[in-house]
Each structure stands twice: as C-alpha cells, then as structure tokens.
Amino acid sequence: MIDQLPALPVVITMAAAPLVMCLLRWPWLAWATTTAACWAALAATIALLHHVLDVGTVSYAMGGWEPPFGIEYRIDAANVFVLLIIAGVSALIMPFAKRSVESEIEASKIPFFYCAFLLANCGLLGVTATGDAFNIFVFFEIAAIASYALIAMGKDRRAVMASYQYLVMGTVGTTFLLIGIGFLYIMTGTLNLNDLAHRLPEVSDTNTVRAAFAFLAVGVSLKLALFPLHLWLPNAYTYAPSMVTVFLSATATKVAIYVLLRLFYSVFGIEFSFEELSMNYVLFPLALLGILIPSIVAVFQNNAKRMLAYSSVANVGYIILGISFATTLGVMASMLHIFNHAITKAALFMALGCVVYRAGGTSLERMAGMGQRMPWTMAAFVLAGLSLIGIPLTVGFITKWHLILASLETGLWPIAVFLLGTSLLAVIYIWKVVEAAYFREPLAENANVQEAPLSLLVPTWVLTLLCVVFGVYTPFTVGIAETAAETLMGGFL
Amino acid sequence: MTLIEALTGLAPDLAIYLALTIPLVGTVLIVLTGRWPNLREVVTGLTATGLFLSVLQLLPFVLAGERPEVTLFEFLPGLDFAFRVEPLGMTFALVSSGLWILTSLYAIGYMRGAGEAHHTRFYAYFAIALFSATGIALAQNMFTLFIFYEILTLSTYPLVAHKGHEAARKGARIYVGLLLGTSIGFQLMAILATWWLTGTLDFTEGGIMEGQVGHGVGAVLLVLYMYGIGKAALMPFHRWLPEAMVAPTPVSALLHAVAVVKAGVFTVLKVSIYLFGLDYMQALVTTDLIMYIAAFTLLGASIVALQKDNLKARLAYSTVSQLSYIVLGAMLVNQYAAVGGGMHIVMHAFGKITLFFCAGAIYVASKKTEVSQLDGLGRKMPFTMFAFFLGALCVIGVPPLGGLWSKFHLVMGSFEAQHAMMAGVFMLSTLLNIAYLLPPVTRAFLRPLPEGESPGFREAPAFCVVPLSLTALGGVAMFFLASPLREMLEGMFIY
C-alpha cells in the first residue's frame, strides 16, 4: 500500500471524475462522491507526507516502467507540501461547496460541475506529483481546461468572457511550456526531470537550451500570474462561482509557482538560472512592481472579490521576491508563503462566499451592514484579513518575518522597508471592507439577511482558525518549508 | 505591607498565568451575560478586581529582587513567547489593573447616564484592551511585547469608533492608521533589525546592543523605535490621540490617559533601559535629537492645549505633552531621569484619569463639554470640581500630590545629564500646565452661573462621583508612597 502512495491522490481524483459524470440524475450523490474522493486524496497525501518526512525522497514508477523511460512520480519535501495544500483545501471546501454550489449553479449542471472540479483537482495534483516534464504539460492542460469550464459556470454573464480571457492566456502559457519542453527533449533526449538535471550541464551553453529556458519561464509566469502577465486573473476570480474562486486562488497559482521553483532550482540549477542567465534581475523588479501596483489597484476596487483578486497578484509578487533572492532563507520564505497565503486567501474567499450566499454579491454596497447581519462570517473575514496584512499571531506574519530576514540577509535594507510599507496598503483595502460591513446601513433588500448556514460557516472558520493556529504553532510549517527549501537548493542528487 | 501579605501566597508563575487568563475569561463571561446588564457589570468589576489581585501577588517577589519568569512556548527557534516580571512592568501592570477597577465602576454610571448604546461590546473590548496592557507590562522580550501592542491597537479600535457616526469613524480611522502604520512601518522594522544583528530580543539588564551593533546603526534603530512606538505620541505622529477623544469618556480616561498611552511610554522606557542600555544610548548621536523632539512636543502640545476650548481636547493635548516628559526622561539616559519617567507613569495616571473622570461626570450631569461653559459649576458639582482641582494639581506637580516627585526626579535627571536647558523646559511646561488646567477650576468656583440656570446641587450619579473622588485621593496618597515606588524602580539598575 505504502508503495502506491505517491500515485494515489492523482489516481483517486481522476477515477472519481467519470464516476461523478454517471450520477447525472442525483446531484446530491455527485457531491457525496466528490467529497469522498477529496477526503480520500487528503488521507493519502497526509500518509505520503509522513512517509516522505520519515524516509526522504520517494520515487514511483508509473505502471511499473522504470525511469527515465517511464513516467516517474518523485515526491520530496517540496512537492508533498504543495500536494498537502491542494488536497487539504479541496477537502475542506467540499462541505462548503454543497449549498454554495446549489445556490449558484443550475441543478442539472451540478454533476458536470463536480466532474470538472475533480479534473482540475487531479490536474493540479498531477503537475505537483510528477517528475516528468511532458507529464507536467499534460496535467497543466487537464487542470486548465477544467478550470475554464468551472469559471464559465459563474452566474454573472461576464464569467464567460473571463473564462475566454483565461483560455487565451492559459493556452499561450501551456504552449510555451510545450515548446520549451520540446527543445529540452531535442537537446537531451529525455523528459525525466531528474535525468534532465543531470544531462543539461553538458549542453547548457547552447542557444537552444537558453531559448527553452525562456519559453518555460514565460509560460510558467503566465500560469502563475506574474505581473504583468496577470491580466487573466482578476476577472477569472471575480466572476467564477464562489467555491471555484476559493479553490483556484488557494491552489492554481501556487502549483505554477512550484513548477517555476522546480525548473529554476532543480532542473536548470541555481548556477545556470541565477548566475549565467541572471534571472534574479528579471524576477526581482517584476516582483517589486507586482507587489506595489496590484496593491494600489486593489485599494481602488469596489468589489471585495475583485479587491482580493488583485491582492492575490500582489501576493504572488511576495513569493517571487523570495525566489529571486536565490538563498535558502528566501526560498524558505516563499515556500512558507505558498502555504500561508493559500489558507489565508481561501478563508477570505470563503467568507465572501458566505456573503454571496446571503446578500447576493460582494460589492461594498452589498456588504454594507453585514457586520451586524452576519457577525460570524464577518469576524472570520476580519481575522483572515489580519493574516493577509501580516499581524503577529497569524500566518501572514510568519511569512513577513522570514521574507524580511531574507532581504536583510542579502543586504537589501530598502526592500525590508518596502515590504513593511506595502503591507500598509493591505491595511487600507481590508479596512475598506471592514468599514462598509460594520459601520454602514445595509441596502433595503438586505435588511433581513441572516447569518450564513453552518455548512458554509464551519469550513470558513476551520480555515480561519488554521491561519491563527499555524501563526502561533510554527514548527510544522517552518520545518517543512525549511526542508523543502534545502531540497530545492540542493538540486537533484 | 500586612494587607499585601494577607493576600499573597500564590506561586509567581501561577499568578502570571492568572493575570493573563482572567481578563480573557472575563471577556467571554461579559459576552455571555450581555443580556443581563447588572450581572454583566458585576462580571466586569470582578474581572478587574481579579486581575488586580493576581498582579498584586507578584509584588512581594519583585520587591525581594526576584524576577518571576514563565515561558509559554517557543515561537520560532530562539524566540519565545514568554513573560518576566521586573519593576517597571510591575508598576505599569499595577496601575492599569488597579485603575480598571475604578473605571469599571465609573463606566456603569457614565454609560447609563450618558445614554450610550452597545454596552456589551464596550465592556468586552475593554477587557481585551486590559488583557493586552497586562501582556505588554509582563512581556519578557520585545517580540511578545509587540504582539500585545498590536492586539491593544486592534481591540481599542471598536472602542474609539463606538458611537458609529461619521466623526467617530473618521477618528478611529486616523487612530488605527497611525498606530498600525508606525508600528508596522517602523517598530517591526527595528525589531527585525535588532533580531538580525544581535540574535536576541530578550529584555536584558544593561541592554543587548553593546558590542553587537555599531553606533551608526544603533542611532538609526533608536529613531525607528521611538517613532515606531506611536502610542508614545511623539510629534508629528501624535494626531491619533486627540482623534481618539470621540470615544466614550471611560475609554479616554483609562485607555487614553493610562493603559494605551502608558503602554507607549512604558515601551519607550523598556526599549531604552533593557534593549539599548543607558550606557550604549549615551554614545548615540540621535539620543539628543529625540530629546529635543520630545522637548518640542512637550511645549508644543501644551501651547495647543491652551487654545482648546473643548475640555476633552484640552486634556488630550495635555496628555501628549505629559507623555513626552517620560520620553524625554528616557533620552536623558541616567538613572535619576529613568526612575523619574517610571514614577511619572504612575503619577500622571492618577492625575489625568481624575481629570477625564471629571470631564465625563460634567457631561453626564449637565451635557457641558466646553471650558467656557463651566462658569459657576462648582456650586452645582462641588465634589467633581474639587476632584478636578486635585487632579490638576497632581498633573502640575504641586505638593501634597504625587506629581511633584516625578517632576522632581526628572528635573534632577536633567541636571545630572548636564542638560540644564531641559530643566528649564520642564519648568516652563509646569507654568503652561497651570495656565490651561486651572482656568476650568477658577471658572467653576469663582464665576457666577450663567443667567437662567438654577443654582441647585446637581452632581453626576454616585457611580461617577465615587471613583473620581478615589482617584483624586489616590493622587494625594502617591505623594506619601513615592519613596517605596522609587526604591522598587531603582531595582531596574541593580544586577
């Protein structure tokens, strides 16, 4: 059993998807099957996590075909951490999804919806688990196509347009990835990441490899919404159904960032990426601009969901900044933020999902007065908001602490100042929502709004409390992030 | 001491745990009993008393020269979430928790008398604020202190915005913006840099910087700390304090004359004495700079206070000025002035809380808010106005009130530091204090009532008058208790 663990999360979700399609007549059963699959995947991931922390890197030959010829699943501290985020968030949103999806999606489409969700989930898990370059591309496409469908199911008609935008940008991204992978294959004759890492140094001084690197970097940057390639993200997050926004914001960009880390640090190696090609000079300014500009844009948004979408772009900037330092501490801060931002943003978008469920929208006018009408929902929003700002005792602070220490370590004092300054922008946009919710009178049509039902509230609070728990009890996340950073910095051994 | 001995007997670590849990449990109980106002107010009173008694348990240990210590957990490697009781923190914790008992009585009279709404929310956040003040007082390292500092800011936001109207929201926005902004922008930066350079954030006798941090970097850090501690209200980051006056008066009295603002100057003293160390600070170029800024704030705020007709605004600017006494005391970098600063935390607390209590009582009884409206009020509210007189004398520093001793030490400290000019600043400020604090008293007692007002006796409710009389008498008592207080504070330098 334990030998099969690396494949299980992907296999479970993939096998459940067609099963859900067969349950067209019983939306309730479709939901139950999806929930069971997500929780089973989470259980497998947790077992895998324990296993990897015990014995170190695990290699799994898919179908018994030995690497480098067959597809290898290679799990180490770095990707098991990301797997945990994906499986954990998808399991936690399933109880939330039931009523939220019923209120936002037509009954006849619900099984399709869950099928697409499982495929997206499976795709993201696959990208993370696999140790094969072409497999990364395939799973990226599975996840992307499923997400286009998920986003397009949003109630607002603009969702279709948002999905189309994402489709265009996403396809460009994955195509670039494919070209890059193709170039690498031409030069080395292998697709296995580990094998690539060993064979690339011999041929690294060729324009083909450099072109491959460029294609891969741009392709992945599109997927992870690196400023200024983020234009698909705000619309997609704003108009997607609530549950999809929660899921995508917590996982989709994070997985792409993981791929970037894997390619830059493990496959091409730190010397090639950062010394020969000086990627730090590319990533560093983009990260700074990506933190500053979207944060400012977020301040001027009138829709809380859109505001948080821009904040997501800014937070991608924080993660990329840590990566651009090319130090263990920097990568560790980035790994931490991948986890911390995932749970923080998921909690925030879930709270907004509760508001959508009751008040019908997340524009600041609609959120007015919700502090009294939906006290528990808004309390969760405020707590998770504090984590987004980075107040002590929340996970946001743990990230900031390490990121600033990383910048001090590299001697970049002004960056430390910059990071503290930009977190004040987060204070401003979170406070705009707080003021609307607590100090304005609700719209007439929302005067009788009640607190969200427990099935929405409990998952929201579980994630919110996780923001506090991991903000106080740090050894778990900091420990894994440290091991992950060391693994990534060490390259493939 | 017999009273203290009779009440003690708890192990010190248990007392620390109690001091931190009682306000939290109190918060929960206040929310649960929200439907029965009388019960809720009893819970508040009991919580305050319980907190005070558990802090009091620690006093004999500190007086005996012990430093009780408790570590809750390790936050990050080498960085603990821990508490350690030393003289300065002991003083601050005693003052804030002791005055909370009186404030909770006063709040009953004020909140009902003035017809305020949302009482449960008010008492609940009040308890959280006192929880954080206790945490600040007992923190073992700068990181723990910072956490409670932020909780204090956030928990007082709903109190400042309490009335919910446009002015209250605007005031609260400035309040939270300035306090969060300075603490995240400057203080956190300074803390991170200190951690990076010295590898520790523990409050250590004699400081941690010597030999670890160069004097140039240290000078920058000092400025970052002093402006990062926004609650100390150094100009130009003092605006939040006058803005916070839109809050109901019990908040202005306990939080914006004692717990919150004293948490600021307490942190200033703590950082100066235990992080920088007085010897190290003497070598920094910016110490004098901050000293002059504090002197400027001290005089500038007094002059602004002179021009304010609104009584609470006048008291607020007076507080800004008095806080700079303590910052200035820390910047004089000698034991005399530092002890004087510590004493001033106590003396000013008694004086200023009395003045705010009186301002609130006047509002409850007569709806008057401006100084110019106070003519002849002494005949209608003799107790309140006499207490106001005593409170004013305490802030000015006239015997037989405690304010004399802290000013005495601060002035002696300026001579010892060979900054005789600062002694002049203190004296000039005393004159200004007289000029803006005594007119309300002279108007009330010496001028006739305006036309058409009946001269009958009309005091505020007893729940208002009794606490304010007690704090006024407390100011007198501190005149006689100054010597043991001083002895305890001098323990900061015995190691």
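Tutor: Angles under 35 degrees count as roughly parallel. Keep that cut-off in mind. This is a predicted model.

Student: Why are α3(B) and α6(B) called roughly parallel to each other?

Tutor: The axes of α3 (residues 37-56) and α6 (residues 119-138) of chain B cross at roughly 5 degrees. The cut-off is 35 degrees. The two helices are therefore roughly parallel. Their axes come within 11 Å.

Student: Which residues of α3(B) and α6(B) make the contact?

Tutor: From α3(B), P37(B), R40(B), T44(B), T47(B) and L51(B). From α6(B), H119(B), T120(B), Y123(B), A127(B), L130(B) and T134(B). By class, that contact has five nonpolar, five polar and one charged residues.

Student: How do you know that the reach of helix α18 of chain B is close to what is expected?

Tutor: Helix α18(B), residues 403-416, has 14 residues. At 1.5 Å a residue, 20 Å is expected, and α18(B) reaches 20 Å from its first C-alpha to its last.

Student: What makes W405(B) count as buried?

Tutor: A buried residue has 20 or more other C-beta atoms within 10 Å of its own. W405(B) is buried, as are H409(B) and L410(B), among others in α18(B). The buried residues of α18(B) pack against α14, α15, α17, α19 and α20 of chain B. After the helix comes Q418(B), with a positive phi near 60 degrees.

Student: How many residues does each chain give to the contact between A and B?

Tutor: Chain B gives 17 residues, and chain A gives 17 residues. On the chain B side, α8(B) supplies the largest share, ten residues. That side divides into twelve nonpolar, three polar and two charged residues.

Note on methods: Residues numbered from 1 in each chain as written. Chains lettered and ligands numbered in written order. Predicted model: local features only at pLDDT ≥ 70, side-chain atom pairs only at ≥ 80, totals over all residues. Contact = placed C-beta atoms within 7 Å. Helix = DSSP H or I, 4+ residues; strand = E, 2+ residues; numbered from the N terminus. Nonpolar A, V, L, I, M, F, W, Y, C, P; charged D, E, K, R; others polar. Axes fitted to C-alpha atoms, helices over the stretch in contact; angles between N-to-C directions. Parallel < 35°, antiparallel > 145°, perpendicular 65-115°, else oblique. Expected span 1.5 Å × (residues − 1). Buried ≥ 20, exposed ≤ 12 C-beta atoms within 10 Å, placed from the backbone.
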